[in-house]
Amino acid sequence: MIVPIGAVFLALLINYGLLEGVGVLCQPLMRPLWRTPGRSAIDAVASFVGSYSIGLLITNRVYQSGQYSAREAAIIATGFSTVSATFMIIVAKTLNLMSMWNLYFWLTLLITFTVTAITVRLPPLSRMDDETTHQEAPVANGQRLTRAWQESLTAAESAPGLLRSVAINFKEGMLMTMSILPSILSVGLLGLLLAKHTPVFDWLGLIFYPLIALFGIEEASQLAQATASGLAEMFLPALLMADATLPARFAAGVISVSSILFFSASIPCILSTTIPLSVGRIVIIWLIRTMLSLTLAIPAGYFAAWVAG
């Protein structure tokens, strides 16, 4: 339901100058840190405030129009399209972290995008094709606000009428929904069956155990298995660690968000787009993100326990 309904409002985000204006303003931040155009800030905000499916819909539209390279689209899809802030509340409630919501929210936000900044500089993302037909032009110092205003007005003048734009976006939203549903029902179901009825994720958890044990977490084995289960469904780490000590609970809450990629929804959504990412490549990116997230999330968990007294 979110995709076709969200697609209706997508016209206001990408067709009438907001994308171009924000792109010019955010260029000095996005390009050096995450190696993406300034306009990708809209994708990140849409994912975090709304839904990753809406963020992916924006990314796919902009990629198809030639304004993102394959590498930029892949970075945005695997690094910015995280679960929404509203779903983070459910994670925090499950892990009994609502008493420190502000700390949890801001540390998770910081860790998620720090991990993305590191991941873009590592294979496989760093080796993807970076050619694009409509490269974002650099802006001279002192002219950024003027240029942003001009770009926004130009885009608004050349945009189609609102009703036509809404109709086009709704049609594309329906097409994406039809692409997502089979993927979720097949790839997502397979991931959940592997998590519930096989020891695959227990074995996968062994990869993370040495790193977690290095930090001295009491429930190292439990957290390793919970972390691995996040590949099947992002909510599983929160469910599995609900009764753990505060550092372990906090780390699980951060990892479930910062890992971003999971088989029950986000991976099928990415596969339904035209972004050239295979399942194998996505799993490698998930593994790198999860390792980096653990390295930052466990100290954050100890810090949260210290703050809590």
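Visitor: How many salt bridges does a search of the whole structure find?
Guide: Welcome! This is a predicted model, in which local features need pLDDT of at least 70, side-chain atom pairs count only at pLDDT 80 or more, and totals for chains, interfaces and linings use all residues. Residues are numbered from 1 along each chain as its sequence is written, and side-chain values use heavy atoms, with hydrogens and water left out. With a salt bridge taken as a side-chain nitrogen of Lys or Arg within 4 Å of a carboxyl oxygen of Asp or Glu, the search of the whole structure finds three.

Visitor: Is E72, the salt-bridge partner of R31, buried or exposed?
Guide: The closest N and O atoms of R31 and E72 are 3.1 Å apart. This pair links distant parts of the chain, with R31 in helix α2 (residues 18-34) and E72 in helix α5 (residues 70-79); helices are DSSP runs of H or I, at least four residues, numbered from the N terminus. Buried means under 20% relative accessible area, exposed over 50% and partly exposed in between, with a 1.4 Å probe and protein chains only. R31 is partly exposed at 28%, whereas E72, at 2%, is buried.

Visitor: Which residue forms a salt bridge with D130?
Guide: D130 lies in the loop between α7 (101-119) and α8 (144-158), and its partner is in helix α5, 59 residues apart. D130 is partly exposed, at 31% relative accessibility. The closest N and O atoms are 3.0 Å apart, and the partner is R71.

Visitor: What separates R147 and E151 in helix α8?
Guide: These two form a salt bridge, with their closest N and O atoms 3.0 Å apart. R147 is partly exposed at 24% relative accessibility, and E151 is partly exposed at 28%. Because they are four residues apart in helix α8, their separation is about one helical turn.

Visitor: Why is the pair of F87 and F235 edge-to-face?
Guide: Rings of Phe, Tyr and Trp (its six-membered ring) pair if their centres lie within 6.5 Å; planes under 30 degrees apart count as stacked, over 60 as edge-to-face and the rest as tilted. The count comes to eleven aromatic pairs. For F87 and F235 the centres are 5.8 Å apart, and the pair is edge-to-face because the planes stand at 75°.

Visitor: What is the angle between the planes of F208 and W286?
Guide: F208 sits in helix α10 (residues 200-214) and W286 in helix α15 (residues 279-308). F208 is buried at 0% relative accessibility, and W286 is buried at 1%. Their rings are 5.7 Å centre to centre and edge-to-face, with an angle of 85°.

How values were computed
Helices (H or I, at least four residues) and strands (E, at least two) are DSSP runs, numbered from the N terminus.
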